[in-house]
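Reader: I would like to go through this model with you, asking at each step what a given term rests on.
Author: Please do, and I will set each value beside the criterion it has to meet.

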Amino acid sequence: MEQTKVKKSISKEVVMNTLNGLSIGIIVALVPSALLNQLLTALLPVFPAGETIMAMTNAAMTLLPAISAVCVGMLAKFSPIQTTSIALAAVMGAGNFKVGTNGFNVSGTGDVINIAITIMIGYALILLLGKRLKAYTILLIPTLVLVIAGGIGTLTLGPVSGITKLLGIGVMQLTSLQPLVMGVLLGIVFALLIISPISSVGIAAAISIHGVAAGSANLGIVAAGFALAIYGWKVNSVGTSLAHFLGSPKMQMANIMSRPKLIVPIMINAGILGGLGAVLNIQGTAMSAGFGFSGLIGPIAALNGIGQVTAGSLILVTLMFFVLPIGLGLASDYVFVNKLHFYENSDFELNYA
């Protein structure tokens, strides 16, 4: 009985450290691009050096698998050899490094779900081997973790990517529904995607979502980002709170997956904002749908969809992408904390010290 408890405790540790490390890695790898790329794109005519900076931020995104693995290793208190060995395996399982005619071609962040699977396999392998290798650790750990965990990761990549594609097909069916219903459901679905290991950007690109459907999807993520920032602002630093919508709400992934009920208020906010987006004809693109407020990609796409920048269009976009998400976040926080006692603000605490 005691042994079973120990095994469950170890399994929980592996899962939670992996999810937390992945969340931190996503923030580190993606925030520079989210903060700078849209601004630099607009400034390129007068600031050509911005192209170099954008290349740097895009390169940082491709390092997501390795960065996440290093964060997991630090949380697990692994040695530098163990940590970097998991990083090697994670890169193999990500799928964003592909063999080309002149070596490797790299693009994107890789499959986040498969990165998590590969890291967990490497994590478990290191726990299994422990200190048994003794003096041979430096020789064998990198090789064994790379070949076994990384090898399994390459095998699972296809099936895992297939599941993501099937999910994309299911989401695509929502775009054929009555506009209001479509807006509500797409808002909810994309809010759930952005707080899961599944790539909201990947799903949006895979189904080429556009127009009002893309606008509603984007607003669902916006609602989730602002709500999560508000729910945890009493227990998180200012920078961490801002990163929920300036960066990615995925940073709350571990908290939400360990307490699934926390998705209820997020779904409500996302459904309301997504539905309003459909009613008010808020537009988007396949590239903007999965980003939310991050880098102002969603608001800029909405302005472009209107066709011309006027006082009225600026007010509408500000209302939909800033005022209403904050209002919904504050209202739901008050109701679910003070009236329903459904959650505590400490449930959203993040510590990146």
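Reader: At what angle do helix α13 (residues 297-306) and helix α14 (residues 311-339) pack?
Author: In this predicted model, α13 and α14 pack at an angle of about 145 degrees, and their axes are 10 Å apart. The crossing in which α13 passes α14 is right-handed.

Reader: Which residues of α13 and α14 meet?
Author: From α13 come Gly298, Pro299, Ala302, Leu303 and Ile306, and they meet Ser313, Leu314, Leu316, Val317 and Phe321 of α14. Sorted by class, this contact has eight nonpolar and two polar residues, with no charged residues.

Reader: How do you know that the span of helix α12 (residues 263-279) agrees with what its 17 residues should give?
Author: The expected span takes 1.5 Å times one less than the number of residues, and for the 17 residues of α12 that comes to 24 Å; the end C-alpha atoms are 24 Å apart, so the two agree.

Reader: Which residues of α12 are buried, and what do they pack against?
Author: The buried residues of α12 are Pro265, Ile266, Asn269, Ala270, Gly271, Leu273, Gly274, Gly275, Gly277 and Ala278, and they pack against α7 (179-194), α9 (211-231), α11 (253-258) and α14. After α12 comes Asn281, which has a positive phi near 60 degrees.

Reader: What makes Phe226 and Phe245 a stacked aromatic pair?
Author: A pair needs ring centres within 6.5 Å, and stacking needs planes under 30 degrees apart; Phe226 and Phe245 have 4.2 Å centre to centre and 10 degrees between the planes, and the pair is stacked. Because Phe226 lies in helix α9 and Phe245 in helix α10 (residues 238-246), the pair ties together parts that are 19 residues apart in sequence. Both Phe226 and Phe245 are buried.

Reader: Why is the pair of Phe336 and Tyr343 called stacked?
Author: The centres of the Phe336 and Tyr343 rings are 6.4 Å apart, with the planes at 15 degrees, so this pair is stacked by the limits of 6.5 Å and 30 degrees.

Reader: And why do Phe336 and Tyr343 count as buried?
Author: Buried means under 20% relative accessible area; Phe336 is at 9% relative accessibility and therefore counts as buried, and Tyr343, at 3%, therefore counts as buried too.

Reader: Which residues form one aromatic cluster?
Author: The cluster is formed by Tyr231, Phe336, Phe342, Tyr343 and Phe348, while a search of the whole structure finds 10 aromatic pairs.

Note on methods:
Residues are numbered from 1 along each chain as its sequence is written. This is a predicted model: local features need pLDDT of at least 70, side-chain atom pairs count only at pLDDT 80 or more; totals for chains, interfaces and linings use all residues. Side-chain values use heavy atoms; hydrogens and water are left out. Axes are lines fitted to C-alpha atoms, for helices over the stretch in contact, and angles run from 0 to 180 degrees between N-to-C directions. Helices (H or I, at least four residues) and strands (E, at least two) are DSSP runs, numbered from the N terminus. A crossing is left-handed if the near helix is turned anticlockwise from the far one by less than a right angle, and right-handed if clockwise. Contact means heavy atoms within 4.5 Å. Ala, Val, Leu, Ile, Met, Phe, Trp, Tyr, Cys and Pro count as nonpolar, Asp, Glu, Lys and Arg as charged, and the others, Gly among them, as polar. Buried means under 20% relative accessible area, exposed over 50%, partly exposed in between (1.4 Å probe, protein chains only). Rings of Phe, Tyr and Trp (its six-membered ring) pair if their centres lie within 6.5 Å; planes under 30 degrees apart count as stacked, over 60 as edge-to-face and the rest as tilted.
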